[in-house]
Amino acid sequence: MTEITLDVNGKKIKKTVPDNTLLSTFLREHLNLTGTHVGCDTSQCGACVVHVNGESLKSCTTLAADIGNAKVTTIEGLEKNGKMHPMQEAFKKMHGLQCGFCTPGMVMSAIDLLKKNKNPSDNEIRDWLEGNICRCTGYQNIVAAVKEASSKM
Amino acid sequence: MASLVGSRVERKEDKRFLTGKGRYTADINLANQTYAIFIRSPHARAQIKKLDISKASKAPGVVSILTGNEIAGDKIGGLIAGWAIRSEDGTEMKCPANPPLAKDSVNFVGDPIAIVIAESLEEAKLAAEMVKVDYKVLKAVTSTSDAMKGDTIHEGIEKNLCFDWLLGDRQKVKEAFDKADKVISIDIINNRLVPNAMEPRACVADYNSGSDEITLYTTSQNPHLSRLIMSAFGNVAPEHKLRVVAPDVGGGFGSKINVYNEDIVCSWAAKKINRAIKWVAERSESFLTDIHGRDHVTHAELAVTKDGKFLGFKNETIANLGAYARVFGTVTPTYLFGPCATGVYEIPAAYSNVKAVFTNTAPVDAYRGAGRPEATYTIERLVEKAAMELGIDRTEIRKKNFPTTFPFKQTLVHTVDSGDYVAGLDKAKQMADYDGFESRKKESESRGKLRGIGVTSYFEACGIAPSAAVMSLGCGVGLWESAEVRFNPTGQVTVYTGSHSHGQSHQTTFAQIAADELGVPMENIDIVHGDTDKGTFGMGTYGSRSLTVGGIAIVNACKKIVEKGKRVAAKMLEASPDEVDFKDGEFVVAKSNKKKTIGEVAFALYLPGSRDSDFKSPLPEGEEPGLKETSFFDPANFSFPAGSHIAEVEIDPDTGEVKLEKYTACDDFGRIVNPMIVEGQVHGGLAQGIGQALYENAEYDETGQLMTGSYMDYTMPRADNFPEFNIGYTCTHATTNPLGVKGCGEAGAIAAPPTVMNAVIDALGGQEITMPATAEKVWKACKSMKKSNAKAA
């Protein structure tokens, strides 16, 4: 068992869990933050992307114990004072989601892109999102949403 | 009030998905729940000699291990084929039993044989490792084309043949072929695909011993149908003691139509152990056990005159059903495939003959488009080849054979109510700058690249479907849909639909429709679905039926609400009902300013009296209080979306890489309720269709092991695989429903594979190549092209 100390969505968390607890399991099962999804268990699909110390990371293949004391942001932590993050707003406006399952990972990944590249081209967006699979949208409106957000952020 | 139908309205469901508040099955945890792991066959075909659970049963945390013996002992039924198909010789199809847990033999890798239930997932996994199974491994049958020559998989099903089905007239076709100037023939493979909804299947089953009720939360596209099958055929519980809830479902594409082994086993086992059981598939389990799609081997011929008129069409197909026939398994390669194989053309004589075979692979069933992508691929590859061989422009040969008047009596089954195929193709050509292709080709060639263009004109029969028609074709149920519209006393509306949304945006589209019908603001309308305890029985979502069937049930229920409202408003306004008009949410007495809002009328219906009115009711005599109406809509016909798509590819002959440069889709979906949502449906369908053409392939080796069982091996299309799609529409309203809608969910997956492949093959100078057109295959084709060019020189 390992004691995990994290800042999750601005809240200090201290919990003792088995050593092999994945970050996705820790968030979903121990903190009930079920917005982070697991779609493949092998870091291929990107549904599980969260931010760890501001960088996007696939939580389904990260041990919670490996990121001790980190600052974690999940999809649940993006809203500020009841207002959605500009990326969330843009996904809604541009119809960048359908079934919603890949969406949390997609949004978290896209936010990280705009941190690194404020004004990405279509190709740069498509290239960056290569690690996130969406089966519903054909990606076109996701690209449009990221562009829309880049004009707002 | 402006009409909402036709408007780009943002989705009501989005906020919860975007803020992590969606509630998918795997997010559900019940008090005191246990966790399940399924023991699955590692062999494609084997006899179970011995199953030893003694050590595993004593492992820490194990609650119970249940096997095929117990489930058979409890007389729990298996999985079923939903459609009974007859062979050409009149005999009924032959299907094997498909027990939820295999007892004596296993027939594909992943076939479940036992369930291990433990206090934690970890403990269930560890105990599962201790279950010992002795198999006698048998030779597997995996090849679609050779299945009839293989060992008999299921006792009594000779040649592994489920049925040998014929639609059409062989003699007429022979006569047509005798008159032909030329016969174009083609051999094609429609590659096997894995649907790959991003949410893996899952279920949580709960049992309440006090009420003897089972509740199953599951990833289903049709909870009511699941309950019916589990109750009537699975013998899990009577329908009134079984509640099936499909909460937010993360994509289906057909793969979540079926009731699966795990649904039945967990529901039955929850009652047995008197505790809740949770099971969530890992992705590798999804690959192995979700239904797969397509997997046809086809030989087709088209008889033509030298100026390009089509005279006759033959379609000889072997369809792989996998190990067992499931809900839509037998209809997908027959009535959903055969009739559409003559495409958008007037062909005087045609037949489709399909031999459906069992193999030791995962069951094959309906995947987005179901039968119609296979049909469209067959005819559109053939027509493209005919154009090439006859030296006629690919669009001209199509136009020459389009029907020009509607209704169009299609050769084999359907009477297509409306359409304008010429207008669709012309618009697609214009959108794609078809006439500018030659100069783009020259430009590509100047850089040493090959460029090709491909066209597809398609129609599809969807909006399934008229109950009498489908039941006469062997469907086990009628395919109507239900809706219930309830006014709350304070004026908001709840709409219960039997359809299920797993990405289709029903919460928005259906609210738009109801808002227009009732004159109630959209934000005051809630759409409820996915729970057998809420609303009437419904048939669910597949076959692009939600709007064309389910949506119309909502319209009709709303119309009943308005009719009742009119009678009550008339009494309240001291007029006769035929003097009352309803518009924009108000009942107005003609030629007066007397009116009541629908909210006021609803309020009066729930509170029919007042303190000061001397027992006078605002309701007409005999009128029941309350405002709630139900409709069951059974369409008069299928609906028939159609369109033309054009793709352009550029191939690097040095690497074989195919780059999809342009993709144009011009579709006729009839009236469009929400253009934003329809566009999204088209994009998604295209991505899956292009995925089939260029990337995706499910492949078994000869021992029946799935070689493409993870995202490392199965190429899922990613964002950087696609260009920006160019989407447009023509519009002819469907005449068979009051909204004039046709359905849009499957079009992209139907039209894209032949469109892209026609372009690839055009770039390769007509060399046939199978899907997916991977770099390796294309590179080889480029090499042989170079060789034959050198020889010719």
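Predicted model: local features only at pLDDT ≥ 70, side-chain atom pairs only at ≥ 80, totals over all residues.
Residues are numbered from 1 along each chain as its sequence is written, and chains are lettered from A and ligands numbered from 1 in the order in which they are written.

Cys475(B) sits in the loop between helix H13 (467–472) and strand S19 (481–487) of chain B; helices (H or I, at least four residues) and strands (E, at least two) are DSSP runs, numbered from the N terminus. Its C-alpha atom is 6.1 Å from that of Gly82(B), although the two residues are 393 apart along the chain. Neighbours within four places aside, Cys475(B) is in contact with Gly82(B), Trp83(B), Val331(B) and Val470(B), a contact being two C-beta atoms, placed from the backbone, within 7 Å.

Now for the chain as a whole. Chain B has 19 helices and 28 strands. Its radius of gyration is 28 Å, close to the 28 Å that the globule rule gives for 793 residues, so chain B is as compact as a globular protein of that length; the radius is taken over C-alpha atoms, and the rule is 2.2 Å times the number of residues to the power 0.38. Buried residues make up 60% of the 793 residues.

One open sheet in chain B has 7 strands in the order S3-S5-S1-S12-S9-S10-S11, with mixed pairing; strands pair if DSSP finds at least two bridges between them. Its edge strands, S3 and S11, each pair on one side only. Further in, S9 and S12 of chain B run antiparallel and are joined by 4 bridges. One of the bridge pairs is Ala205(B) with Ile277(B) in S12(B).

Here are some strands of that sheet:

| Strand of chain B | Residues |
|---|---|
| S3 | 62–67 |
| S9 | 202–208 |
| S11 | 242–245 |
| S12 | 277–280 |

Finally, the other chain: 40 residues from chain B and 43 residues from chain A take part in the contact. H17(B) gives the largest share of chain B's side, 7 residues.

Terms used. Buried ≥ 20, exposed ≤ 12 C-beta atoms within 10 Å, placed from the backbone.
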